[in-house]
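Work through the exercises below with the coordinates open. Each task is followed by a solution in steps.

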Amino acid sequence: MAAARAHWGSKFGFVMAAAGSAVGLGNLWKFPYITWENNGGAFVLVYLAAVVVLGMPIMMAEILVGRRAQLSSVPAFEKLGNKGWSTVGWLGVVAGAVILSYYMVIAGWSIKSFIQCMGWSISGYEAPTKDAFGQFLANGPLQIGLTAIFTVATAVIVFRGIGGGIEAATKIMMPILVLIMLYLVATSLTMDGRDQALAMIFNPDFSKLPASGVLMAVGQAFFSLSLGLGAMVAYGSYISKKESIFGSALWVVILDTSFALLACIAMFTIIYSVPGLDERISGSTVGMLFITLPDLFYTQMPGGIILAPLFFILVAFAALSSTISLGEVVTSLMIDKRGWSRHKATIVCASIIFVGSILAGLSLGAVGPLSNFEIFEGKAGVLSTLDHLAANWLLPLGGLGTTIFVGWYLGKKDTLEELGLTRGTIPFHVWLWCLRIVAPVAIIALLVAVIAGWDFS
Ligand code: PHE
């Protein structure tokens, strides 16, 4: 089996596919709205620290495990470790299913925005009313319908196997996404709200950062970089032995982080520039991406009537390249462990996840009990609960398992050989000690602090 393992065509191919997995709703939708909720500056700084200290070393560790074992997550931990270690992989699979359940719902919103923008492009833009987004969220049948479209699209691709498909698609999509993003940012920077937005993002004021924001920043680093659930283990298993793991991971991290920051710059500038928009946002921070950008496209931007629908197609594709990687994590496990055919595995997994998506989709106002129950403080409803559970608990725990496995369990000989580094060199020591001490201590400290209700605000 190992002999027949496919490889990415080039390092560029891997970087685009892995960045395709990493860049998604986490960057365009989630990072801007949680940065807004956590008052910018200090939150962004903690996030960047988490990316450097936890994200980069763990990304390298996951790729290393996949490439060393030439297998996807659960069997990889089992092969390099033992049955016990495969728990780390299983945890990731659960996280993948949880994330997919609600990710599909939000991805569905991009289809609605696309259709709406097509309408505006044809018959003229009409600023939506203040509660239009709330009404959309509470429309249960529409939420389920949109989610169903996205679930089927993902399942069709996973069903066929991704092979050359994902690499070829992401190689085209990602550069276009970069260009559109840069154009968006450049245009937004000519607007009045620019200075206020940049100050909000880059002037840290730690008195404004809630303690829970620190955990959120760490969780977001895992979520955004697609870490902690084995997605990078699977993708790493397809990297050619000739490529440098450090160089490949660095590109993915840089691209992902840039996208997150650029999305904030564009969106906050628009919010501060368009009168009344911040009021509309405060009602539903979750809808920021879908509320702010159409305003910019139609009222400020040359060529906006073409760019608006195009942009939401790209959001949909960014989301799709992430759902495929999540779908692969869940499906490939059933294939590897249960011996199911890819077709059976895809249909069963997609059906189970769709049930979760229905619950998440109905928890945005359509069904009271699903929308109002609260397990985590301030996170009411199924969708928010699943998001919080996965990003702030399951992924950090999966990441913790990976750091301990690679940092302490795997021999230095294995890791050195795979990384192509020499024993005793500074880069190796920095990486190893981040993985052995800094990352686990930081993750454990945070989890303990939050369980204990610690609050430094
Ligand atoms: N990183 C993706 C995003 O930012 C989400 C994701 C998480 C994808 C985990 C795969 C694995 O949208």
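**Exercise 1: the surroundings of F268**

In this predicted model, F268 is in contact with P32, T35, W36, A197, M200, I201 and M288, leaving aside its neighbours within four places in sequence.

Task: state which residues have the most contacts inside the largest nonpolar core, and name the helix that gives the most to this core.

Solution. 
Step 1. The largest nonpolar core has 158 residues.
Step 2. The residues with the most contacts inside that core are W109, F268 and W431.
Step 3. Helix α3, residues 41-69, gives the most to this core, with 17 residues.

**Exercise 2: α12 against α14**

Task: classify the arrangement of helix α12 and helix α14 from the angle between their axes, and list the residues that meet.

Solution. 
Step 1. Two packed helices are described by the angle between their axes and the distance between the axes.
Step 2. The axes of α12 (residues 245-273) and α14 (residues 288-299) come within 9 Å and cross at roughly 70 degrees.
Step 3. Angles of 65 to 115 degrees count as roughly perpendicular, so α12 is roughly perpendicular to α14.
Step 4. The crossing of α12 and α14 is left-handed.
Step 5. On the α12 side the contact has M267, F268, I270 and I271; on the α14 side it has M288, L289, T292, L293 and L296.
Step 6. Sorted by class, the contact of α12 with α14 has 8 nonpolar residues, 1 polar residue and no charged residues.

**Exercise 3: I281**

Task: decide whether I281 is buried or exposed, and find which residues I281 touches beyond four places in sequence.

Solution. 
Step 1. I281 lies in helix α13, residues 277-283.
Step 2. The relative accessible area of I281 is 0%; because buried means under 20%, I281 is buried.
Step 3. Not counting residues up to four places away in sequence, I281 touches W36, I271, M288, I291 and T292.
Step 4. I281 and F133 are 148 residues apart in sequence, and their C-alpha atoms are 9.8 Å apart in space.

**Exercise 4: α5 against α7**

Solution. 
Step 1. From α5 the contact includes M104, V105, W109 and K112, and from α7 it includes Q143, L146, F150 and T154.

Terms used
Residues numbered from 1 in each chain as written. Predicted model: local features only at pLDDT ≥ 70, side-chain atom pairs only at ≥ 80, totals over all residues. Heavy atoms only, no water. Axes fitted to C-alpha atoms, helices over the stretch in contact; angles between N-to-C directions. Helix = DSSP H or I, 4+ residues; strand = E, 2+ residues; numbered from the N terminus. Parallel < 35°, antiparallel > 145°, perpendicular 65-115°, else oblique. Left-handed = near helix turned anticlockwise from the far one by under 90°. Contact = heavy atoms within 4.5 Å. Nonpolar A, V, L, I, M, F, W, Y, C, P; charged D, E, K, R; others polar. Buried < 20%, exposed > 50% of the residue type's maximum accessible area, 1.4 Å probe, protein only. Core = buried A, V, L, I, M, F, W, Y, C linked by side-chain atoms within 4.5 Å.
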